[in-house]
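Good morning, colleagues. Please look at the structure as I speak.

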Amino acid sequence: MSTLDRIVERWNLQQHPFYTAWSAGTLPASALRHYAAEWGAFIGAVPAGWRTLGEDAHAAEEVEHAALWGEFAADLGVEVRAEPEGESGRALVATAQRLFAEPATAIGALFAFEAQQPLTAEAKLQGLNEHYASLGTPGRYFAVHADDYGEAAMLREMASALPPPQRERAESACAEMGEALWTALSGVQEAAGC
């Protein structure tokens, strides 16, 4: 297990109470709506990290994924906010923008998200299908990401090729982004009153 993987495990979003409630079907539909509107600004920031790494094809794919997130929100009857309402959501977007601006930190910050996305997407899709089918959202965003481990593998390889000082910066950025993701999700949960 790489150092980046160990860092991500400390901020394992699968264990976050918001996602465990989603998987159990105990999350109110209003919380899903708030999450869809609030989290979309972060999803829209992800392409910038890939552009910083010179991965324009991945960046273009992430732009398409942001559009899928917009569909998810629309299916729930909300729009993605250009800027999150919550302080922790705004902090997440600001952290992403700062860390995505430089290659070493972009590697670590993207890894914190991309390494977790396949498992969280699979769990969220299953939760939608089992507990929230009446909401009418097909969850295409989550279906696309449920088995997409390629980005994490690519970022892990990029990090291992960095010289030690840059690798340490990537690891620090991974930890910072992991904490920002967890904190923003807690903010969504709190704002949704669950």
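I begin with a helix pair: Phe42, Ile43, Val46, Gly49, Trp50 and Thr52 in helix 3 meet Pro103, Ala106, Leu110, Phe113 and Glu114 in helix 6. Contact here means heavy atoms within 4.5 Å. Helices (H or I, at least four residues) are DSSP runs, numbered from the N terminus. By class, this contact of helix 3 with helix 6 has eight nonpolar, two polar and one charged residues. Ala, Val, Leu, Ile, Met, Phe, Trp, Tyr, Cys and Pro count as nonpolar, Asp, Glu, Lys and Arg as charged, and the others, Gly among them, as polar.

Two remarks on provenance. This is a predicted model, in which local features need pLDDT of at least 70 and side-chain atom pairs count only at pLDDT 80 or more, while totals for chains, interfaces and linings use all residues. Residues are numbered from 1 along each chain as its sequence is written, and side-chain values use heavy atoms, with hydrogens and water left out.

Now the geometry of that pair. The axes of helix 3 and helix 6 (residues 103-114) come within 9 Å and cross at roughly 140°. That makes helix 3 oblique to helix 6. Axes are lines fitted to C-alpha atoms, for helices over the stretch in contact, and angles run from 0 to 180 degrees between N-to-C directions. Angles under 35 degrees count as roughly parallel, over 145 as roughly antiparallel, 65 to 115 as roughly perpendicular and the rest as oblique. The crossing of helix 3 and helix 6 is left-handed; that term applies if the near helix is turned anticlockwise from the far one by less than a right angle, and right-handed applies if clockwise.

Helix 6 also packs against helix 9 (residues 150-160), at an angle of about 150° and with the axes 9 Å apart. Helix 6 and helix 9 are therefore roughly antiparallel to each other, and their crossing is left-handed. On the helix 6 side, Ile107, Leu110, Phe111 and Glu114 take part, meeting Glu151, Ala152, Leu155, Arg156, Met158 and Ala159 in helix 9. The residues of this contact divide into seven nonpolar, no polar and three charged.

What is the angle between the axes of helix 1 and helix 10? The axes of helix 1 (residues 3-10) and helix 10 (residues 164-191) cross at roughly 15° and come within 9 Å. That makes helix 1 roughly parallel to helix 10. Their crossing is right-handed. Thr3, Leu4, Ile7, Val8 and Arg10 in helix 1 meet Ala170, Glu171, Cys174 and Ala175 in helix 10. This contact has six nonpolar, one polar and two charged residues.

On a 1 Å grid over the protein atoms alone, a cavity is a set of points where a 1.4 Å probe fits but cannot get out, and a pocket is an open set with protein on both sides within 12 Å along at least five of seven lines; lining residues have an atom within 4 Å of a point. Grid points are joined across faces, edges and corners, and a volume is the space filled by probe spheres set on the points.

The largest pocket has a volume of about 170 Å³. Its lining includes Met1, Asp5, Gln116 and Arg156. Helix 1 provides the largest share of that lining, three residues.

By this rule there is one cavity of 30 Å³ or more. The largest cavity has a volume of about 100 Å³. Of the 15 residues that line the largest cavity, the closest to its centre are Tyr19, Phe113, Gln117, Thr120 and Lys124. Helix 7 gives the most to this lining, with four residues.

Definitions and conventions: Helices (H or I, at least four residues) and strands (E, at least two) are DSSP runs, numbered from the N terminus.
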